Amino acid sequence: MRVSFDLDEVLFVLPETHKTEPPLRFPFNLIYKERLRLGTPDVIHTLQELGYEVWVYTSSFRTESYIRRLFKHYHIRFDGIVNGTRHMKEVQRDNKQMLPQKLPNRYRISLHIDDEAIVCTLGKQYGYNVFQLNAQDDDWKEKVIACADKIRKRDFEE
C-alpha cells in the first residue's frame with residue numbers, strides 16, 4: 001500500500017508555527033532552507049517498517065533530485081516522487097479540461113496526506129483517500145499511521 005505526503009505546510013513547515021526537526025548543519029542549511037515538521041523521519045521510517053511504500057506528491061516544481069538529496073540528510077528514502085512537472089506530464093497531459101493539482105489514485109496511492117482543503121474535498125469526487133494535516137499537532141504521526149492502517153484493513157477485507 002502506498003502513502004504519499006505533500007511537502008509545503010505538511011512536511012515542510014515554518015518554525016514560527018510548528019515544531020520542527022533541528023536544522024541541517026552548515027553548509028547544507030544554506031542549500032536546503034526548508035524545515036521538516038517534527039517527527040517526519042520517524043513517521044516515514046515507521047510506515048516503511050510496517051510495509052508501506054512512502055511517496056511524495058507535491059504540486060511544487062522542486063526537482064526530484066533536490067527532494068531526494070534534501071531528505072537523504074535525514075536518512076529518508078522515498079519509494080516514489082511526483083512533483084508538479086511529473087503531474088503535468090503524466091496526469092494532465094493534453095487534457096482540455098483542467099484536472100485537480102493532485103490525483104493520487106493515478107499512481108495507486110492509497111492514502112495522501114495534504115494540508116489544502118480543496119485537495120481533501122476533491123478526494124471524494126475523484127476517488128482517493130486523504131488525511132488533512134495543517135496545524136501543529138503533537139499526535140500527527142499516530143493519526144497518520146492509524147489512518148493508513150484503517151485503509152489497509154478496509155482494503156484487505158474487501
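1. E34 is buried in this predicted model, with a relative accessible area of 18%; the value falls under the 20% limit, which means that the residue counts as buried. E34 forms a salt bridge with R62, and the closest N and O atoms are 3.1 Å apart. The two partners come from distant parts of the chain, 28 residues apart: E34 sits in the loop between α1 and α2, and R62 in the loop between β2 and α3.

2. R62 has a further partner in D8, with an N to O distance of 2.9 Å in the salt bridge between their side chains. Because D8 belongs to the loop between β1 and α1 and R62 to the loop between β2 and α3, this pair ties together parts that are 54 residues apart in sequence. D8 is partly exposed, at a relative accessible area of 26%, whereas E34 is buried at 18%.

3. The count of salt bridges comes to twelve. Among them is the pair of D137 and K143, whose closest N and O atoms are 2.7 Å apart. D137 is buried, with 18% relative accessible area, while K143 is partly exposed at 38%. Elsewhere, a network of salt bridges links D6, K102 and D114.

4. For R152 the ring is that of Y52, with the charged end 4.0 Å from the ring centre. For R37 the ring belongs to W140, and the distance to the centre is 5.5 Å.

5. Five aromatic pairs are found in a search of the whole structure. Y32 and Y66 form a pair with ring centres 5.2 Å apart; their planes stand at 50°, so the arrangement is tilted. This pair joins distant parts of the chain, 34 residues apart, with Y32 in the loop between α1 and α2 (40–49) and Y66 in helix α3 (residues 64–72). Both Y32 and Y66 are buried.

6. W55 and Y107 also make a tilted aromatic pair, with 6.2 Å from centre to centre and 45° between the planes. Here too distant parts of the chain are linked: W55 is in strand β2 (residues 53–57), Y107 is in the loop between α4 (84–92) and β4 (111–114), and 52 residues separate them. W55 and Y107 are both buried. One aromatic cluster is made up of F12, F71 and F78.

7. On the surface, F26, F28, L30 and I31 form a nonpolar patch, and their accessible area together is about 430 Å². I31 belongs to helix α1 (residues 28–31) and is partly exposed, at 49% relative accessibility. F26 is also joined to P27 by a cis peptide bond, with omega about 5°. P27 lies in the loop between β1 and α1.

8. T17 is in the loop between β1 (2–5) and α1. Its relative accessible area is 49%, so T17 counts as partly exposed. The side chains of T17 and H18 make a polar contact at 2.7 Å.

9. In α2, the buried residues are T40, P41, V43, I44 and L47. An α-helix has 3.6 residues a turn, so residues three or four places apart point the same way. After α2 comes G51, which has a positive phi near 95°.

10. Positive phi also occurs at residues other than glycine. H75 has a phi of about 65° and is not a glycine; H75 is placed in the loop between α3 and β3 (80–82). At 67% relative accessibility, H75 counts as exposed. R93 has a positive phi near 40° and is located in the loop between α4 and β4. R93 is exposed as well, with a relative accessible area of 54%.

How values were computed:
Residues are numbered from 1 along each chain as its sequence is written. This is a predicted model: local features need pLDDT of at least 70, side-chain atom pairs count only at pLDDT 80 or more; totals for chains, interfaces and linings use all residues. Side-chain values use heavy atoms; hydrogens and water are left out. Patches are made of residues with over 30% relative accessible area and no salt bridge: like charges are joined within 9 Å, nonpolar side chains (Val, Leu, Ile, Met, Phe, Trp, Tyr) within 5 Å. Accessible areas come from the Shrake-Rupley method with a 1.4 Å probe; for residues, only the protein chains shown count as cover. A salt bridge is a side-chain nitrogen of Lys or Arg within 4 Å of a carboxyl oxygen of Asp or Glu. Helices (H or I, at least four residues) and strands (E, at least two) are DSSP runs, numbered from the N terminus. Buried means under 20% relative accessible area, exposed over 50%, partly exposed in between (1.4 Å probe, protein chains only). A polar contact is a pair of N or O atoms within 3.5 Å; within protein, one must be able to donate a hydrogen and the other to accept it, and residues adjacent in sequence count only if both atoms are side-chain atoms. Rings of Phe, Tyr and Trp (its six-membered ring) pair if their centres lie within 6.5 Å; planes under 30 degrees apart count as stacked, over 60 as edge-to-face and the rest as tilted. A charge sits over a ring if NZ of Lys or CZ of Arg is within 6 Å of the ring centre and within 35 degrees of the ring normal.
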